[in-house]
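Trainee: I am new to this structure and would like a close look at a single part of it. Please take one place and go through it slowly.

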Amino acid sequence: MKDCQTRYPILLLHGLNCRDDCFSGCWGRVPEALRERGAVVYLGHQDAWGSIEGNARKLLRMAEKILEGEGSEKLNLIAHSKGGLEARYLISSLGFADHTASLTTLCTPHRGARSAEVWQKRKIICAATGRALETGWRLFGDQAPDFQSAVASLTPEALERFNQENLDSPQVYYQSWGALLVKRTWDPMDCAQLWLTKSDGPTDALVTPESAAWGAYRGTLTDVSHQDCAGARRRRLSHFSAEDFFIRLVQELAEKGF
């Protein structure tokens, strides 16, 4: 079956605190499911804790290699969480608009998260956590982890500046989805929401639907966590399958001629 065979190759861009080339593979079976249906899929290989700008420059080199290898003029970018901001920087600040057919973002904090401010205010905890994460992720491939920069870039104030400096390109089709946890299950992501809700309001455990909306907002995935929507947690939900969601997403891109 080739119903996910798009005109342009797909580049999946992961979010914060994970890599797509080691044990933490953040997409679960999503890449394989798409390839089985004819999609040409590549992974971004950004740093888990890289800055938006640093990761975007790595993506530029990766994207140029893909275009050359595939003989393609453009790519479809599908990004989860902070990866969506890196994609927007790639398009708008690094001049990749001419080579981008579409950008789909999932649970990306386009307008920031108050929880990032909370982390910054707890300076001792933030510094200690940052050192530990940077040391750990270097062992798994991060070349330039920068915890403080990554957290600072996700505050509402930082994203307000980012949005002014990275305007959408009229050449690119932008669409987005958000997610929202409603039922209490005491799952780890649900427990995270108990703390984050105090600063952000109802979220997917990390990002509000309002912050996730960018371009054509396609909807809010109900009772799906920040990680579930990307297939990262590999748990079975009776009402949601990340593989099925991505298959429909890519089928729609194919139907639009992307």
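With which residue does R19 form a salt bridge, and how far apart are the closest N and O atoms?

Mentor: The model is a predicted one, so every value below is computed from its atoms. R19 pairs with D21 in a salt bridge, and the closest N and O atoms of the two lie 2.9 Å apart. The two partners differ in their cover. R19 has a relative accessible area of 4%, under the 20% limit, and therefore counts as buried. D21, at 41% relative accessibility, falls between the 20% and 50% limits, so D21 is partly exposed.

R19 has a further partner. D47 also forms a salt bridge with R19, here with 3.4 Å between the closest N and O atoms. This pair links distant parts of the chain, 28 residues apart: R19 sits in the loop between β1 (10-13) and α1 (30-36), while D47 sits in the loop between β2 (41-43) and α2 (52-70). D47 is buried, because its relative accessible area is 3%. In the pair of R19 and D47, then, R19 is buried at 4% and D47 is buried at 3%.

These bridges belong to a wider set. R19, D21, D47, K58 and D142 are linked in a network of salt bridges. Over the whole structure, a search finds 9 salt bridges.

E86 and K82 form a salt bridge whose closest N and O atoms are 2.4 Å apart. Both residues lie in helix α3 (residues 82-92), and because they are 4 residues apart there, about one helical turn separates them. E86 is buried, with a relative accessible area of 2%, and K82 is likewise buried, at 2%. The pair of E86 and K82 thus sits within one helix, whereas the pair of D47 and R19 joins two loops.

S81 has a positive phi of about 55°, although S81 is not a glycine. S81 is placed in the loop between β3 (75-80) and α3, and at 8% relative accessibility S81 counts as buried. D223 gives a second case: its phi is near 55°, a positive value in a residue other than glycine. The loop that holds D223 runs between β6 (216-222) and α10 (242-255). D223 counts as buried too, at 14% relative accessibility.

Now the surroundings of these parts. The chain has 10 helices and 6 strands. Its C-alpha trace spans about 50 × 40 × 35 Å along the principal axes. For 258 residues a compact globule would have a radius of gyration near 18 Å, and the chain, with 17 Å, agrees with that. Of the 258 residues, 56% are buried. Among contacts between residues at least 6 apart in sequence, 77% join residues at least 24 apart.

Key: Residues numbered from 1 in each chain as written. Predicted model: local features only at pLDDT ≥ 70, side-chain atom pairs only at ≥ 80, totals over all residues. Heavy atoms only, no water. Rg over C-alpha atoms; globule rule 2.2 N^0.38 Å. Buried < 20%, exposed > 50% of the residue type's maximum accessible area, 1.4 Å probe, protein only. Contact = heavy atoms within 4.5 Å. Salt bridge = Lys/Arg side-chain N within 4 Å of Asp/Glu carboxyl O.
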